[in-house]
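Please keep the sequence and the coordinates in view while reading.

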Amino acid sequence: MWKLYDNLIENIQKDIKINDLVIGTEFAMVISDSGAGISRVLNDKRFPFENKIKPNMKLKDLAKSIKSWNFVEASLGLAAINAFYNKKQPQDYFKLEKIKHPFVSTIDPDDRVAVVDAVLENKENIQKSYDADFFNRKMEDGDYIITAFEYLVDEYDSIYLGSNLIINKHIMKITSDSTSKKSVLCDISTPLSLDFKKVGIDEIGGFIIDDIDKCFELVKISAPYRDIQKTGSMFKII
């Protein structure tokens with residue numbers, strides 16, 4: 001299970017250090033020598049932090065927190081990973097394309113789509129415009145429990161994955177259940193890494209922060225997504 005996580009961590013250069021970090025009620029953010037990254041916070045605090053968080057620690061060491069079963073710590077680890085991957089510098093092995101919306105810009109409106117553990121701010125509008133079912137660990141009215149996905153996956157054309165699956169360690173199970181379907185991993189917490197292609201995900205998109213200082217202050221005061229998203233842009237790998 002850990003191969004995907006280990007690959008994401010291994011690519012981070014050893015000499016990059018943390019400049020600052022913050023954990024709000026909605027998001028976590030990390031600023032490093034190489035850039036800044038953000039992640040939603042999954043608020044399950046069953047265990048103490050496994051990683052000793054300290055000033056000027058190496059980004060790579062903080063990124064290892066993604067493997068923690070304390071999901072708040074894992075959220076911080078995902079933000080650290082994004083601080084390395086989610087930046088606009090040209091890549092030798094892929095290009096980025098700016099998109100307007102993580103769901104609307106990646107899902108065919110004619111597809112029947114399963115939305116798995118994704119936080120969508122405009123969920124009601126998506127339900128009206130798309131033939132979409134939602135699978136979540138914590139269900140809202142009309143949702144399926146996430147464990148139903150493996151039994152119903154054949155009914156869908158596309159699978160839209162939320163990055164909470166990286167934090168809660170369900171991503172490998174969900175991707176293995178949906179290998180025959182078009183799958184998309186694209187939200188504010190997604191690392192812009194081709195490592196997700198290796199586990200069968202077809203489209204990958206993530207958030208690049210433009211105004212780092214403003215974003216950091218907003219995370220500090222637990223500002224909502226609609227304010228956070230204005231500090232950067234969504235991109236997908238092409």
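Asp143 is buried, at a relative accessible area of 11%; here buried means under 20% relative accessible area, exposed over 50%, and partly exposed in between, with a 1.4 Å probe and protein chains only. The model is predicted, and local features need pLDDT of at least 70, side-chain atom pairs count only at pLDDT 80 or more, and totals for chains, interfaces and linings use all residues. Residues are numbered from 1 along each chain as its sequence is written, and side-chain values use heavy atoms, with hydrogens and water left out.

Asp143 belongs to the loop between β6 (131-136) and β7 (144-145). Such elements are DSSP runs numbered from the N terminus, with helices (H or I) of at least four residues and strands (E) of at least two. Leaving aside residues up to four places away in sequence, Asp143 touches Lys123, Phe134 and Asn136, where contact means heavy atoms within 4.5 Å. With Asn136 there is a side-chain to side-chain polar contact of 2.9 Å. A polar contact is a pair of N or O atoms within 3.5 Å; within protein, one must be able to donate a hydrogen and the other to accept it, and residues adjacent in sequence count only if both atoms are side-chain atoms. A charge sits over a ring if NZ of Lys or CZ of Arg is within 6 Å of the ring centre and within 35 degrees of the ring normal. Lys87 lies over the face of Phe84, also at 4.6 Å from the ring centre.

Rings of Phe, Tyr and Trp (its six-membered ring) pair if their centres lie within 6.5 Å; planes under 30 degrees apart count as stacked, over 60 as edge-to-face and the rest as tilted. Tyr5 is buried at 0% relative accessible area, whereas Trp2 is partly exposed at 27%. The rings of Trp2 and Trp69 have centres 6.3 Å apart and planes at 70°, so this pair is edge-to-face. Because Trp2 lies in the segment before α1 (3-10) and Trp69 in the loop between α2 (59-63) and α3 (71-85), the pair ties together parts that are 67 residues apart in sequence. Ring pairs link Trp2, Tyr5, Trp69 and Phe71 into a cluster.

Two loops contain residues with positive phi. Lys169, not a glycine, has a phi of about 70°; this residue is in the loop between α6 (164-167) and α7 (171-177) and is buried at 5% relative accessibility. Ser222, likewise other than glycine, has a phi near 55°; Ser222 is in the loop between α8 (212-220) and α9 (225-228) and is partly exposed at 26%.

Finally, consider the strands. In β8 (residues 158-161), Ser158 and Tyr160 point one way and Ile159 and Leu161 the other, and all are buried. Strand β8 pairs in the parallel sense with β5 (residues 112-116) over 4 bridges, and with β9 (residues 182-186), also parallel, over 4 bridges; two strands pair if DSSP finds at least two bridges between them. Leu161 of β8 stands opposite Val116 and opposite Leu185 in β9.
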